[in-house]
Amino acid sequence: MERCTLKRQLSYPDLESAEALRSSLILQPKGGSPLLMLSQEKDGCRVYNPGDDTVYETKSDLSGYRFVASSGKWFLVIDSRMKLYIIDVFGEEERIDLPGLETFKGSHFKIERVGEDKIRHVAFRTLSRTDPSTAEDVRGRLWVEDKKGGDFVVLWLFERSNYIAFCKKGDDHYREISTRDGVLGELRGVNDMLLKGYDLYIFATRGFVRHLDLSPRHDGFIDVSEKHSFPRWLPPLSRDEMERINKYKIISCIESIAVVTSSGQVLIVVTYELTSKDRVFHLYKRDPQVLYPTTYDTMFVEVHSLGDEALFLDLGITVPADHTLGIEPNSIYFTRGDRIRHRQTSSLDICVFSLTTKTVKRYPCLDASNIKDAQWFLPS
């Protein structure tokens, strides 16, 4: 890994000043090694490498961006003027300009700008207008093909809207994925979503998973969701788990989804944040063999181990463990549980949870670093 001569090991908690955060540039990160993009209250953005416990400056000044999502070394970002871009965080001003949000072509409303830093929705039929939204309200996902000049897919949404907007490479506008009209009741809404290649998985508000194929062979997308039985049941927690939760109380309980890369199995991830500053994770998968004979409900079984894989919840995928890259087996890499749907009780918690030992590893050098947000990413 090539670095310039200046380097500061961060082995102390006082990271308030910009000087304490300055280090060398990561010019050639080790492919597949987990890194953290840190968005600070002050002094812009930095990259943290847990492998050497060091915070690095980025090659370009990225202080004007909010980081929405990532794919490899690429990030979907938005600036204060509500403009979206795809940037290479290790490149020299390498940026892909995306269509303006107002190019969105929806079936019930259009998007109009309110000044330079806000947008609102205008209904076609009634001309009613929503309250303005800012860059902080945008959620999204990104996939960039891992080859020079490859394809990409961009998704974004606003929390209170009934659609997801998307575009692919070469598009000059965003198209609509309705999350309500024309959608089965159990598949409506968005609690979470993930993008793996051209496959979009939407975790609906009733707890079912909607699966859309966005590949170029289709005009837009097609729904390839599995058939679901209603209602959906998760197995109960063990007595020890219930006693622990009752003792320390739950601050938040958030459900999200992930895809096991090796099998394509969709997992439901339940995250409990406790008043003891502890965190508990449970993984579940659909088991079509376990059905009540009278109601044929959709049942799930708990997944107690990821084996030789690690789950990066910010990305919604698992990757093979690799000690040479610093990827721990049977672990969950976590920052926050409300990446798509904001919750007031959720908080930033940069950690790695071991499903083997049920313990949480955190990074003390980041505790006092004035971090507003952070995301795990895996540069290719």
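The largest pocket holds about 790 Å³ of space. A pocket is an open set of points on a 1 Å grid over the protein atoms alone, where a 1.4 Å probe fits, with protein on both sides within 12 Å along at least five of seven lines; lining residues have an atom within 4 Å of a point. The model is predicted: local features need pLDDT of at least 70, side-chain atom pairs count only at pLDDT 80 or more, and totals for chains, interfaces and linings use all residues. Residues are numbered from 1 along each chain as its sequence is written, and side-chain values use heavy atoms, without hydrogens and water.

Among the 34 residues lining the largest pocket, Ser 71, Gly 72, Val 144, Asp 146 and Ser 380 are the closest to its centre. In the second largest pocket, with 25 lining residues, that place is taken by Ser 39, Arg 66, Glu 136, Lys 372 and Asp 373.

| Pocket | Volume | Lining by class |
|---|---|---|
| Largest | about 790 Å³ | 15 nonpolar, nine polar, 10 charged residues |

β4 gives the most to the lining of the second largest pocket, four residues. Strands here are DSSP runs of E, at least two residues long, numbered from the N terminus.

An open antiparallel sheet has the strand order β3-β2-β1-β28, where two strands pair if DSSP finds at least two bridges between them. Its edge strands are β3 (54-57) and β28 (371-377). Four bridges join β2 (residues 45-49) to β3, and Arg 46 stands opposite Glu 57 in β3.

Technical notes. Grid points are joined across faces, edges and corners, and a volume is the space filled by probe spheres set on the points. Ala, Val, Leu, Ile, Met, Phe, Trp, Tyr, Cys and Pro count as nonpolar, Asp, Glu, Lys and Arg as charged, and the others, Gly among them, as polar.
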